Each structure stands twice: as C-alpha cells, then as structure tokens.
Amino acid sequence: MRLCDYYEGNYRTYFAYLAPGTVQGYEGDWRNHIAEAFGAWEMEAIRVRHINAWLASDHFAGVPGAARSAYKTLRQILRSAMGDELYSDDVVDPTTRGVRLPPMEPPAEGPYLRPAEARALLLGLVGWEYEQTALCGLWLGLRRSEQCGLQWGDIDLRTGIVHIRRGLQVVDREVVVTRVKTHRSRRPHMLPRSGVERMREIKRDLRPRPEDWLLGEDPNPDRYARSLRSWCQKNNLPYVAPNYFRHSFRTLHDIAGTDGSEVQKMLGHETLGMSYRYMTLDEDVLREDQRRLERLVLRG
C-alpha cells in the first residue's frame, strides 16, 4: 500500500483521539515534508537509507528541529500501519534503528520570574481585564491552554481549590476547547490565601456564572497573550509569556524549598514514572506548599 493511501484512508481516522494541536502538527509535517518525499512510495519500500538521505537533504538544511519532527510523524505513520497489519512482517521495521537524526543545539533555558519580579507582576496586573487568568496561571504554574480553559465554576473560593479540567487553544485560527494534555494533567490545585482574596474581589465585581470563562465572553488565548505583553510594556512590568508561567512556578517553588515530587504533582508532570500514579497530595500539603510560595513572593 502506498503511504499516501494509508495516511488518507486509515491514519487520519485516528485523529479523533488526538488533541487538536497535535493533529495540526502531524498534518503540517505531512503536508510540508513527508507527502512530497514519500507519499507515492509503497510503505515497505521506505528503508533506513532512504530516511537518512531525506533527513540529510537540503530540504531540512538549517532546520534540524523540523527534520526531527517530520521523522517522528513518519515513524508514527509506519508504526500505525504495522499495528493495522498493513505492513508485511517479512520486512525489517525501519523505525527502530539506524536512523541518524540531525544534531541540535541544547535548548535554551526558559525565561522565568524571580521572587521580586513575580510580586511586582502580580501587583501590576491589578485592574487588567485578564488579571484573573494570569493570577491563576502564575500562582498555579498552569500551561497556557489550562489558564485559558478555566471557568469560574472550576474555582472554589471557600477552600482555594482549583480543578484543572480542560484547555482552550487556537487551532487554524479557531478557538477550540481541548482535553488536558494527559490524564495526570486533570488535577486539583490550590490558590494561596492572597490569590483567593484577590479572586474574591474580582468575582464580586464581575458577578460571573459558574460556566463563564475567566477570559470573558469571547475567550481567545492569542489575544490574552498579546494583551499581557502590551500591558507589561506599557506599565514597565516584569514580563514572561503565559507559557513560561510554569517555569517561574517550578523555579520559585525550588527557591522556597518545596519537595520536588510535590511540585511535579502540582504541575501534572509524568517524570516520576509508575510511582506517580500512586502519589496523592491532600489539601493540607497543597495549602502548606502554596503558603511557602506565597511567603517567598510577597517578601520579594
């Protein structure tokens, strides 16, 4: 079977199980890199030497990240064909060995806020139209999609507990509601006392319904990110993009001395492996961890 026939007739049907952002990435890799190189090939004719020549070609000159992403998608398609038993068992699998990926420079460390900068930003956001979203993002270390996916009904301002249940992303210029990244990302979290108090003030002013978005009636993650940059520039505030709030959260908790395994649980990370799923953080632990972070920031 030709690779293009499998992709269009079989592989794309599995997109229903994937997050919209992931689908967008796969389709971009197929359209921009894979279809022209291998689309018309019989799948079993695509060998390691062909993949290596493709990755080393001028097509990917100067963009090793694109080469690695395209290979990852090609590998996913071929492995899916094997799983669907549309790839002969007699042919050696070209996706497990011998492929030489182009080298990449080590990734730069993400920007983050120091304690005094975090305090200055939290104070400087008072009165901004998206303050409540950024406040939750900073105090909870949320992904940008998780910040934007919060509704008022997700936040219990009696206890400070916030339930991370969904995301909000822009895909092909359309705002779409998405599932959280992994099952570990669907988690409870907790605002510290000062965050709860400020959220109560905002809620009294806005009088939202439980199903209302924190971003307002017309939520748009891209508009939120642009507005944050503009507000910080205009008011001379410390700035990191919303997707780097997690870096700040992790760094600040490290400075505050919070146990690393507890921070990983709060962030919804998978790095503790199998033991992760058996970990629990009760409200008292969450509350004390967030109090330490709050004391660090407010003293900054």
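Colleague: Is Y14 buried or exposed, or partly exposed?
Modeller: Y14 counts as partly exposed, because its relative accessibility is 29%; buried means under 20% relative accessible area, exposed over 50%, and partly exposed in between, with a 1.4 Å probe and protein chains only. This is a predicted model, where local features need pLDDT of at least 70, side-chain atom pairs count only at pLDDT 80 or more, and totals for chains, interfaces and linings use all residues. Residues are numbered from 1 along each chain as its sequence is written, and side-chain values use heavy atoms, with hydrogens and water left out.

Colleague: And which residue forms an aromatic pair with Y14?
Modeller: Y11 does, edge-to-face, at 6.4 Å centre to centre and 85 degrees between the planes. Rings of Phe, Tyr and Trp (its six-membered ring) pair if their centres lie within 6.5 Å; planes under 30 degrees apart are stacked, over 60 edge-to-face, the rest tilted. Y11 itself is buried, at 6% relative accessibility.

Colleague: Which residues are in that cluster?
Modeller: Ring pairs link Y7, Y11, Y14, F15, Y26 and W30.

Colleague: What about W128 and Y224, how are they arranged?
Modeller: Stacked, 5.9 Å centre to centre with 25 degrees between the planes. W128 sits in the loop between helix 5 (115-124) and helix 6 (131-140) and Y224 in helix 9 (residues 221-234), so the pair ties together parts 96 residues apart in sequence. Helices here are DSSP runs (H or I, at least four residues), numbered from the N terminus.

Colleague: New topic: which residues of helix 10 are buried?
Modeller: F245, R246, S248, F249, L252 and H253. They line one face of helix 10, because they fall within an arc of 160 degrees seen down its axis, taking directions from the helix axis to the C-beta atoms.

Definitions and conventions
Helices (H or I, at least four residues) and strands (E, at least two) are DSSP runs, numbered from the N terminus.
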